[in-house]
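Okay, thanks for coming, everyone.

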Amino acid sequence: MELTTEQISRYDRDGYVVFPELFSTQEVAILSGEVDRVSKIDSECIFREVENGPAKTIFRMHESDGATASPAFHAACRTPRVLGAARQVLGDNALYMHHSKVNVKSAIQGSAWPWHQDFGAWNLDGIAAPNLTTMVVLLDDATEFNGCLYLLPGSHREGRHDPYFDESTAYKLWAVGPSRMRDMIARYPDPVPLTGKAGTAAIFHCNNLHASGHNLSAQDRCQVYFCFNTVANRPADVENPRPDYVRSQNWRPMQLGDDDGVLNSASVPA
Ligand SMILES: O=C(O)CCC(=O)C(=O)O
């Protein structure tokens with residue numbers, strides 16, 4: 001997939017571009033099956049809100065080794081639709097995955113992610129420049145009711161805001177404080193809900209402000225995030241680095257795969 005000039009200028013202006021139904025129903029079924037399989041594994045790469053409860057976040061399904069490795073996810077993030085688009089918006093062909101994660105926001109119980117910028121945390125990982133981008137792919141239909149992601153258009157243009165460590169939700173993270181957020185929301189167009197059919201995707205800048213609410217619905221809401229960095233921008237050493245599953249040290253440039261990779265992965269034993 002080649003982004004059009006119009007899509008590239010939208011990415012520069014709004015900080016994101018949406019691709020309705022980028023992945024087919026069949027591909028989504030394969031990826032969702034893999035999430036089901038891997039979520040039952042006991043691994044440090046899987047975060048659960050409640051001990052022995054359902055998985056909330058599964059890291060590192062995109063690699064070919066490790067407990068959570070999945071051939072379908074390995075293929076999905078290397079498709080021209082995903083890796084090609086990331087290369088294009090970052091203007092660099094040598095990319096690696098800083099991390100990938102699958103967020104399963106479970107029915108009724110799945111909790112919110114407060115407003116944040118991904119680069120808030122990634123800069124603390126030792127990454128100097130905001131040359132990262134994320135492709136999020138919906139594996140379930142996303143609605144406002146089931147806790148879809150919201151993006152604040154244009155917010156990436158003000159750069160990184162100093163984050164604070166928010167411990168108010170089960171999944172603790174570096175977030176942007178309430179008074180800064182009130183100011184940002186007042187000065188920018190309304191936040192845009194990333195709703196759509198399963199298979200829909202969006203690519204967004206690492207300084208774009210985003211958040212999501214509680215899943216009030218009776219169905220799980222699952223989304224995958226592929227977070228790309230340029231090899232040239234790989235992290236410097238930091239004290240107490242986060243684990244490899246969230247701050248990858250696999251800095252080898254990723255090779256472009258086949259657009260049929262997910263469909264073909266179904267015949268590869270996991
Ligand atoms: O999946 C969501 O609703 C939000 C996730 C998110 O923003 C993150 O993991 O950084």
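Two bits of bookkeeping. This is a predicted model, where local features need pLDDT of at least 70, side-chain atom pairs count only at pLDDT 80 or more, and totals for chains, interfaces and linings use all residues. Residues are numbered from 1 along each chain as its sequence is written.

So, what surrounds the ligand? The shell is Asn-103, Lys-105, Trp-113, Asp-118, Leu-149, His-210, Ser-212, Gln-223 and Tyr-225; a residue is near a molecule if its C-beta atom, placed from the backbone, lies within 6 Å of it. Strand 4 (95–105), strand 12 (210–212) and strand 13 (221–230) each give two or more residues to that shell. Strands here are DSSP E runs of at least two residues, numbered from the N terminus. By type, the shell has three nonpolar, four polar and two charged residues. Ala, Val, Leu, Ile, Met, Phe, Trp, Tyr, Cys and Pro count as nonpolar, Asp, Glu, Lys and Arg as charged, and the others, Gly among them, as polar.

Pairing means DSSP finds at least two bridges between two strands. Strand 7 (residues 149–151) and strand 12 run antiparallel with three bridges, and Leu-151 sits opposite His-210.

Now strand 11. Five of the five residues in 201–205 are buried, so strand 11 is largely enclosed by the rest of the structure. Buried means 20 or more other C-beta atoms within 10 Å of the residue's own, exposed means 12 or fewer, and partly exposed is in between, with C-beta atoms placed from the backbone. On one side you've got Ala-201, Ile-203 and His-205, on the other Ala-202 and Phe-204. Strand 11 pairs antiparallel with strand 1 (residues 16–19) over four bridges, with Val-18 opposite Ala-202. It also pairs antiparallel with strand 6 (residues 132–138) over five bridges, where Thr-133 partners His-205.

Last one: is Thr-195 buried or partly exposed? It's in the loop between strand 10 and strand 11, and it counts as partly exposed because it has 17 C-beta neighbours inside 10 Å. Leaving aside neighbours within four places in sequence, Thr-195 contacts Ala-142, Thr-143, Glu-144 and Cys-148, contact being C-beta atoms, placed from the backbone, within 7 Å.

Definitions and conventions
Two residues are in contact if their C-beta atoms, placed from the backbone, lie within 7 Å.
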